[in-house]
Amino acid sequence: MLEGFDQQGFLINMAYLKILDPHGNRIKAQSSTYEAAGFTRRLNLWGTSTLGPDASLYGSLATLRARSRELVRNDPLAGAGLDTLVSNLVGSGISPRWQLSDATLKAQLQQLWADWAMQCDHDGIADFYGMQALAARSMIESGEVLIRFLPQRPGRMAVPLKIQIIEADHLDETYSTTLDNGREIRMGIEFDASGRRVAYHLFKDHPGEAFITADTVTRVRIPASEILHVYRPLRPGQKRGRPWLSAVITTLHELNKYLDAEQVRKSSTAMFGGFVTVPPEGIDSVPDILGQSGIDATGQEVLALEPGSFPTLPPGMDVKFSEPADVGGSYEAFVKHMERRIARGFGGLTYEKLSGDLSGVNYSSIRAGNLEFQRFCLQIIGNVLAFQLCQPVARYWIDQAVLSGAVKIIDFIEHRQQYYRIKWCPDGWPWVDPEKDLKAEQMAIRSGLKSRAEAVAERGRDVEEVDMEQAEDNWRTDALGLSYDSDGRRAKDAGIPTQEPSNNE
């Protein structure tokens, strides 16, 4: 351990910051020009650390992961917050749209993907979009999740490829060593001399399983080309993912203790209806003056009062009813304040989405909160889920599709990058006020600030599919001689304002 630092690398004494002059002589340390960097009386006990992104997680990741899972299992606030994040990030699925000019090939790829998405799960419990939700849930709860590619024999599936979701526990964060070939293993991940990931060393079975047949000791080396490591990086060079609840684990735990203590206090005080006081010498002549007497389970004598009774108390006897103290508005205000802090520290959730409390919102406030939260969700969808999970799976998938002959693309090798161009469309969010939001959307499209394709994509749809459906609707209604005011071609007749053509048209 370095002098002046604790075992975790936290600076514990300013006196050990040795400042040397050009001749190597120690000079007196000067106070910091920044108050926040000083070690005054108020800040002297504030531990700081210069540990790197991996060292800060080393030795702590398993505990953070276990406590995060325990909160999700037993704390309804944490569990509901996790469900809300997953439903907003994934919804019914983040679906691909190939950016190809060949409409026939594009339709063929879309249909082939849809067929494969129903068969892709190695465990057979979800389609590809259900696996997205499970992967997102694991990433949030555990900090990271692993996806393994498992090629299959041709002929059994639309595309001979299965994928498997693996919990992060299989990747031992305490396993670090240097190999004979000059490569290095850090926190279970093998790197070559250039720092590129080349393999993952995974436990054969989950280390937390206790079945007789479970092998929780043997590690299996799997090439990095067969593994996707999905997590939200928070620092440059970070190799492992941190559970999203890490910043609020202590707050949630302490809030639960407070709520439990308050519940026990109220339950305990409510058990006593009142207390009978008698003079020191006692009153033996009228033992049942207040009602029937008896003995409770602990052997104590109690009196059962009957409604509508007006007994006359003998001299010296008194009755004092229990009046439990109530913390009043301070209780609700404190709990709400803590839940607001938890919401901000738990994936950018708003207080209303975390707690389900909509009592103090109006249209403007809930819309502003939703827009901020949706912007955060789009960042995670684009930079993490689509980039680390969806796009690599689609690339591997189309390679397997071409190799197996499931789809024939003559120039695939020469123009592979062209067929990798995919737009991933998440579910759209419902509008707070559909009428107001739809009018604003219409104005943005008409003023040229947004295209129809963009507006449709924001709702989780493909503009080509929408146009095709509208064309089919129009053809069907025309063939049957039907007429509806929902027909866009009759919008003006139905009283819907339309843009008049200019004189130049």
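Buried means under 20% relative accessible area, exposed over 50%, and partly exposed in between, with a 1.4 Å probe and protein chains only. By that definition ten of the 14 residues of helix α2 are buried, so α2 is largely enclosed by the rest of the structure. The model is predicted: local features need pLDDT of at least 70 and side-chain atom pairs count only at pLDDT 80 or more, while totals for chains, interfaces and linings use all residues. Residues are numbered from 1 along each chain as its sequence is written, and side-chain values use heavy atoms, with hydrogens and water left out.

**Helix α2**

- Helices (H or I, at least four residues) and strands (E, at least two) are DSSP runs, numbered from the N terminus.
- Helix α2 covers residues 76–89; at 1.5 Å a residue it should span 20 Å, which agrees with the 20 Å between its end C-alpha atoms. The expected span is 1.5 Å times one less than the number of residues.
- Among the buried residues of α2 are Leu77, Leu82, Leu85, Val86 and Leu89, and also Thr84 and Asn88.
- At the start of α2, a side-chain oxygen of Asp75 comes to within 3.0 Å of the backbone nitrogen of Leu77.
- Gly91, which follows α2, has a positive phi near 60°.

**The five-stranded sheet**

- An open sheet with antiparallel pairing is formed by five strands in the order β8-β9-β10-β11-β12. Its edge strands, β8 (177–178) and β12 (219–223), each pair on one side only.
- Two strands pair if DSSP finds at least two bridges between them.
- Three bridges join β10 (residues 189–191) to β11 (residues 197–203) in the antiparallel sense. Across this pairing, Ile189 stands opposite Tyr200 and Glu190 opposite Ala199.
- Five residues lie between the strands in the hairpin of β10 and β11, where Gly195 takes a positive phi near 90°.
- β11 and β12 run antiparallel and are joined by five bridges; Leu202 has Val220 as its bridge partner in β12.
- Six of the seven residues of β11 are buried, leaving the strand mostly covered.

**Cavity**

- On a 1 Å grid over the protein atoms alone, a cavity is a set of points where a 1.4 Å probe fits but cannot get out; a pocket is an open set with protein on both sides within 12 Å along at least five of seven lines; lining residues have an atom within 4 Å of a point.
- The structure holds one cavity of 30 Å³ or more, and the largest cavity has a volume of about 40 Å³. A volume is the space filled by probe spheres set on the grid points, which are joined across faces, edges and corners.
- α4 (128–142) and β7 (161–167) each supply at least two residues of the lining of the largest cavity, and α4 gives the most, with four.

- The largest pocket holds about 1100 Å³ of space. Of its 30 lining residues, the closest to its centre are Leu438, Gln442, Arg452, Gln470 and Gly488.
- α10 provides the largest share of the lining of the largest pocket, seven residues.
- The second largest pocket has a volume of about 740 Å³. Of its 24 lining residues, Leu371, Gln374, Trp429, Trp431 and Glu458 are the closest to its centre.
- α8 gives the most to the lining of the second largest pocket, with six residues.

How values were computed:
Polar contact = N/O pair within 3.5 Å; in protein donor to acceptor, adjacent residues only side chain to side chain.
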